[in-house]
Amino acid sequence: MRIHPLVPSLLLLGTLSFTAACSSGPGGPSGSAGASSARPGPTPDPSPVRSVDPSKIKGLKIVSDSSENTSCPFATSYPDVPGAEAMTAAMKKYVERRLATFRSESAACEGGTGGTEGVELNISHQFLVASGDVLGVRLSTHDPSGAGSGLSATTYWYDGKAGAYRTAPGLVADDSRGAFLGALKDRLKGREGVDAAALDDTLSDPASRAAVLDDMAFTADGGLRVDFDRGDVGVPAAGALTVTLSKETVTPWLSAFGKRVQRQTVTPSRSLDLGATHIPTQAVPTHTASGDDDTDCKRVRCVALTFDDGPAVPETATLLTHLARYRARATFFTVGQNVAAHPDLVRAAARAGNEIGNHSWNHPDLTTLSRGQVVSQLNRTSAAIKAATGKAPTLFRPPYGAVNPRVRAATRLSPVLWDLDTEDWKYRDADKVARTVIDKVRRNDVVLLHDIHPTSVAAVPQILRTLTARGYHFVTVSHLRATL
Ligand code: ZN
């Protein structure tokens, strides 16, 4: 490994000041606003909705995109569930629009320099319901470069019975909208920072109403929780606001679809069936490592290939097959939300002798988070890795390589940066990625790649073939560190 100067990522510390939403648990107060010195995390605070195990969703793919560069920091993800194509298309359209705007505003994203260093776009997902004929997903967007709070959330709903994508207001029956809006107003008026006249205007105009009523989901006890982004229905200083209407109050106002969503939230059925005509099955490789690696990196040329941001379907399985063919081991810096979706792939990677590292839950710049948020990002991911493989990780790679003493102090995991950056997130060209590694690699280098990109995975056979012929051995990061 080459020696690195500490990445000077203190830039943002103390410069961001948002008011965070403090969501309440089931049965708790219906909503409040609190202040935080750090930014709100890309994932909302623990949601009172019932948690969903995404690994049970047949044919699920998580569509991820990200950079690993502090000059152009973005990470986006949304799920693609068979049968819910119209909903997937809506999420894809939203994510691609936000990403295109973000990238066009930063010269560094497109190969230039300067611009928006440290201003990060993060879109992450959370399953709300995946049961019976109902699918619900919340996308949370953190974008401090945009207008408003920098944090916004939208829920997406799919009605498998009707074969239709629905937005949050579709949970309420059309002829009950007046009563529903009246109840919301009653609950909001009198809250600090809410102007009654402005609230009336916002909720009476169909376009602005649709824009602010875009985040609704049921609580575990059947109440309807409505989340308003900061500045939507009150002054920005009031923070994000939440109203939870009890089950007794809201049930008479629900649409037929809303009632089914409520039922599947409170008492989920065992499986999800959205009427998909084809559910792809993912083959999971079964290679098993033959004991410990005895490569001595003091005697032979070693290199540690690292693959970030996965696991991904189908790329990670393909990659495992390439690695097994050359008896190569690698290190996977996995993102927790993807581990939760595909624990079988993480297990297969570990069984084949690869190392599994922690790359946070949803790829935020950890240096912009509070200590508690850093701990949560890393601990949730380590727990998911341990659940998948039986072994907790010892290494973490900070997203964008952004680490500072505060992040280091928040975890016992050892940070791993890299010596050779292929910039494969930017250059989706297998031959270029392969040539970069082959031309630039030096003994004992840690090489940065991403297994969410088919082009990066396609580069691997050429890398393994050429470098094996030059006497290189492919080892894990921990093995490299232990034998140097
Ligand atoms: Zn990454």
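The model is predicted: local features need pLDDT of at least 70, side-chain atom pairs count only at pLDDT 80 or more, and totals for chains, interfaces and linings use all residues. Residues are numbered from 1 along each chain as its sequence is written, and side-chain values use heavy atoms, with hydrogens and water left out. Helices (H or I, at least four residues) and strands (E, at least two) are DSSP runs, numbered from the N terminus. Buried stands for under 20% relative accessible area, exposed for over 50%, and partly exposed for the range in between (1.4 Å probe, protein chains only).

**Zinc site**

- The zinc ion has as its protein donors E68 (OE), E68 (OE), D309 (OD), H359 (NE2) and H363 (NE2), which lie 2.0 to 2.6 Å from it.
- Donors are N, O and S atoms within 2.8 Å of the metal (3.2 Å for Na, K and Ca); water is not among the atoms, so sites may look incomplete.
- Along the chain, the donors of the zinc ion follow the spacing E-x240-D-x49-H-x3-H.
- D309 counts as buried because its relative accessibility is 2%.
- H363 has a relative accessible area of 3% and is therefore buried.
- Although D309 is not a glycine, its phi is positive, at about 80°.
- H363, also not a glycine, has a positive phi of about 65°.

- The peptide bond from G310 to P311 is cis, with omega near 0°.
- V313 and P314 are likewise joined by a cis peptide bond, with omega about 0°.
- P311 is found in the loop between β12 and α7, and P314 has its place in the loop between β12 and α7.

**Aromatic pairs and charges over rings**

- The structure holds four aromatic pairs.
- Rings of Phe, Tyr and Trp (its six-membered ring) pair if their centres lie within 6.5 Å; planes under 30 degrees apart count as stacked, over 60 as edge-to-face and the rest as tilted.
- One of the pairs is F74 with F102, which is edge-to-face at 6.1 Å centre to centre, with 65° between the planes.
- This pair links distant parts of the chain, since F74 is in strand β4 (residues 74-80) and F102 in helix α1 (residues 85-104), 28 residues apart.
- F74 and F102 are both buried.
- F74 also forms an edge-to-face pair with W425, at 6.1 Å centre to centre and 80° between the planes.
- F74 lies in strand β4 and W425 in the loop between β17 (420-421) and α12 (430-440), so this pair ties together parts that are 351 residues apart in sequence.
- W425 is buried, as is F74.
- F74, F102 and W425 form one aromatic cluster.
- The charged end of R380 sits over the ring of W361, 3.9 Å from its centre, and R166 lies over the face of F257, at 5.6 Å from the ring centre.
- A charge sits over a ring if NZ of Lys or CZ of Arg is within 6 Å of the ring centre and within 35 degrees of the ring normal.

**Sheet and packed helices**

- Six strands form an open sheet of mixed pairing, in the order β3-β4-β5-β6-β7-β8.
- Two strands pair if DSSP finds at least two bridges between them.
- β3 (61-66) and β8 (164-167) stand at the edges, each with a single partner strand, so one side of each lacks a neighbour in the sheet.
- From one strand to the next, the twist averages 20°.
- Strands β5 (residues 121-131) and β6 (residues 134-142) run antiparallel and are joined by nine bridges; N122 stands opposite H142 in β6.
- Helix α1 packs on the sheet, touching β3, β4, β5, β6, β7 (151-159) and β8, and its direction makes about 170° with that of β4.
- Axes are lines fitted to C-alpha atoms, for helices over the stretch in contact, and angles run from 0 to 180 degrees between N-to-C directions; contact means heavy atoms within 4.5 Å.
- Helix α6 (residues 256-266) lies across β5, β6, β7 and β8, running at about 100° to β7.
- Buried residues in α6 include F257, R260 and V261, and their cover includes β9 (216-218) and α5 (247-250).
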